[in-house]
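Student: Could you walk me through how to read a few features of this one?

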Amino acid sequence: MTCEAETRSLLGVFEEDATAISNYMNQLYQAMHRIYDAQNELSAATHLTSKLLKEYEKQRFPLGGDDEVMSSTLQQFSKVIDELSSCHAVLSTQLADAMMFPITQFKERDLKEILTLKEVFQIASNDHDAAINRYSRLSKKRENDKVKYEVTEDVYTSRKKQHQTMMHYFCALNTLQYKKKIALLEPLLGYMQAQISFFKMGSENLNEQLEEFLANIGTSVQNVRREMDSDIETMQQTIEDLEVASDPLYVPDPDPTKFPVNRNLTRKAGYLNARNKTGLVSSTWDRQFYFTQGGNLMSQARGDVAGGLAMDIDNCSVMAVDCEDRRYCFQITSFDGKKSSILQAESKKDHEEWICTINNISKQIYLSENPEETAARVNQSALEAVTPSPSFQQRHESLRPAAGQSRPPTARTSSSGSLGSESTNLAALSLDSLVAPDTPIQFDIISPVCEDQPGQAKAFGQGGRRTNPFGESGGIIKSETEDSILHQLFIVRFLGSMEVKSDDHPDVVYETMRQILAARAIHNIFRMTESHLLVTCDCLKLIDPQTQVTRLTFPLPCVVLYATHQENKRLFGFVLRTSSGRSESNLSSVCYIFESNNEGEKICDSVGLAKQIALHAELDRRASEKQKEIERVKEKQQKELNKQKQIEKDLEEQSRLIAASSRPNQASSEGQFVVLSSSQSEESDLGEGGKKRESEA
């Protein structure tokens with residue numbers, strides 16, 4: 001039985017005991033109240049008797065005469081009964097103070113406090129469950145910081161309130177055991193002391209042994225009270241310490257730096273949300289307590305005494321999944337594939353620990369003598385496998401093409417391609433020249449910067465721009481690449497990327513694939529982002545299939561190498577030559593690895609075709625620019641020739657005007673004059689000025 005089950009079982013025992021105490025004390029209270037009522041009735045009746053006896057002499061009986069003896073006797077009885085009435089009144093007062101007050105306080109204060117704390121604890125538990133459900137339904141796609149903050153604050157407040165209420169409730173249940181003893185003994189002690197005091201009034205021969213016994217009971221009551229006060233003080237201090245120490249635990253998603261993930265667990269327990277399908281597309285989520293027991297995953301609903309088998313997780317498979325609109329989900333599939341369950345963890349830390357724990361159990365590490373050390377050793381061995389080893393070169397020697405074979409950039413006959421010089425000698429190729437041993441692996445998409453296309457740098461920053469607000473994939477993509485001849489779309493999933501030291505041979509891609517797949521297996525990273533890869537003659541684009549947002553753009557000239565895995569045709573990758581600084585000489589190469597739906601070779605062929613089309617388009621563009629340059633030169637020469645002809649024509653016109661201006665302008669016989677136009681007069685003035693300058697010379 002788990003700690004949660006033990007606590008709830010023990011709480012049920014305490015609550016059952018409290019109910020039994022309440023029933024018994026109610027009965028005892030009714031009995032003592034009858035004693036008290038009877039004593040009050042006796043006191044009132046005695047007083048009434050004494051009063052009636054005093055009034056006897058005032059009575060006028062028709063048949064009775066004056067009887068002074070009877071009257072004096074009744075008066076004496078009246079005095080004695082009046083004294084007895086006073087004694088009964090004192091006894092009633094003592095019973096009210098010493099017997100009824102303690103049991104009434106226990107019934108009205110202590111028992112009601114338990115009931116009130118129980119109701120408050122139930123309300124706090126319900127509020128906590130409601131807050132956890134609202135937190136679990138937080139959208140991972142449409143995150144709202146304000147809503148997330150309010151929901152997280154609600155979880156923190158409800159969890160803290162539940163924890164504090166639970167501690168006070170448990171403290172009250174523990175204290176009830178002491179108060180029960182006091183509530184039983186103290187009223188009885190008061191009752192007996194009142195009775196002894198009552199009888200002492202009429203007798204001086206009181207049993208000393210009874211007084212000694214009652215004195216001892218009084219001493220015991222005082223000792224229990226002192227012990228109760230000490231225990232209450234200790235519990236109050238413990239509650240204060242737990243409130244301070246438990247404050248970080250109230251946060252539903254703790255800081256991973258303060259609470260690191262333990263990947264070597266072979267046992268784990270905690271609350272998970274399980275998805276239950278209620279229809280073809282509808283489903284519900286139930287929150288239950290899950291724990292591992294050997295090679296089994298157990299579940300326990302609230303109120304159950306023990307857990308039941310949920311799934312056999314020996315040789316099972318576990319992976320993180322994207323599930324509807326919930327975060328931190330993972331799927332467990334049995335070894336035969338007939339049964340699977342989708343569960344949701346509360347935090348990222350729990351999410352990773354559950355996956356690691358189930359993965360370790362599926363390897364049957366829990367059967368070893370020291371499971372956690374064995375798990376740590378297995379994970380360390382897997383981690384060392386990430387570093388390239390010489391055996392990789394021998395393993396892939398048979399898969400490499402013959403030495404000296406070259407791949408022209410314009411014609412590809414295999415599923416790999418490169419742009420640049422011919423392949424180097426493969427026999428001299430070492431793994432250290434491909435990928436550095438300590439190179440970090442990036443599992444998230446990071447925008448590159450290409451030195452060959454400086455104008456593309458801004459395009460990378462536009463990766464998050466919405467290409468189509470209505471989620472349609474055709475129109476906007478075509479408008480952005482409408483000049484491109486090639487448009488091919490593929491479904492791919494991003495596995496990872498890392499910097500490589502070489503970009504002239506497909507072995508770079510093979511080694512990168514091996515290291516990324518090994519790292520994913522070691523760190524239990526199973527989640528992959530699905531995208532649409534658009535291949536055009538200008539670039540490669542990664543597009544979100546749901547929102548049609550362009551996540552990333554790879555300029556085609558920067559893609560210098562691309563290849564498909566030799567065995568697994570779904571895996572392919574390409575190397576992007578990027579600039580790691582402002583200087584164009586500071587270049588670096590990054591290899592991106594993807595998984596497709598059996599289309600790795602098609603994608604590489606499409607990329608090769610796009611590069612060929614781009615090459616021919618570039619050659620055509622250069623030829624067109626050269627032709628335009630020749631035409632511009634011819635046009636310029638024609639303009640120079642026309643300008644020269646215009647100058648010669650202007651000189652001839654100027655000479656004619658100079659000759660005409662040398663003759664005097666006289667009126668004709670008809671009174672007509674020779675009138676020059678404004679342009680001719682200006683040219684004439686220019687001609688006269690030139691002639692004057694010639695004469696001066």
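**Salt bridges, a helix and a core**

Tutor: Start with lysine 349 and glutamate 353, whose side chains meet in a salt bridge (3.0 Å, N to O). Both lysine 349 and glutamate 353 are buried, where buried means under 20% relative accessible area, exposed over 50%, and partly exposed in between (1.4 Å probe, protein chains only). This is a predicted model, so local features need pLDDT of at least 70 and side-chain atom pairs count only at pLDDT 80 or more, while totals for chains, interfaces and linings use all residues. Residues are numbered from 1 along each chain as its sequence is written, and side-chain values use heavy atoms, with hydrogens and water left out.

Student: What counts as a salt bridge, and how many are there by this rule?

Tutor: Side chains of opposite charge can pair when their charged atoms come close. The cut-off is a side-chain nitrogen of Lys or Arg within 4 Å of a carboxyl oxygen of Asp or Glu. That rule gives 24 salt bridges here.

Student: How far apart are lysine 349 and glutamate 353 in helix H5?

Tutor: An α-helix has 3.6 residues a turn, so residues three or four places apart point the same way. Lysine 349 and glutamate 353 are four residues apart in helix H5, about one helical turn. Helices (H or I, at least four residues) and strands (E, at least two) are DSSP runs, numbered from the N terminus.

Student: Which parts does the pair of arginine 159 and glutamate 346 tie together?

Tutor: Those two side chains, arginine 159 and glutamate 346, form a salt bridge at 2.9 Å, N to O. Arginine 159 sits in helix H3 (residues 145-200) and glutamate 346 in the loop between strand S7 (340-344) and helix H5 (348-362), so the pair links parts that are 187 residues apart in sequence. Arginine 159 is buried at 12% relative accessible area, and glutamate 346 is buried at 17%.

Student: Is helix H10 enclosed or open?

Tutor: Of its 16 residues, 14 are buried, so H10 is largely enclosed by the rest of the structure. Asparagine 524 follows H10 and has a positive phi, near 55°.

Student: Which residues touch the most other members of the largest nonpolar core?

Tutor: A nonpolar core is a set of buried Ala, Val, Leu, Ile, Met, Phe, Trp, Tyr and Cys residues joined through side-chain atoms within 4.5 Å. The largest has 26 residues, and Leu540 and Phe574 touch the most other members. Helix H11 gives this core its largest share, five residues.
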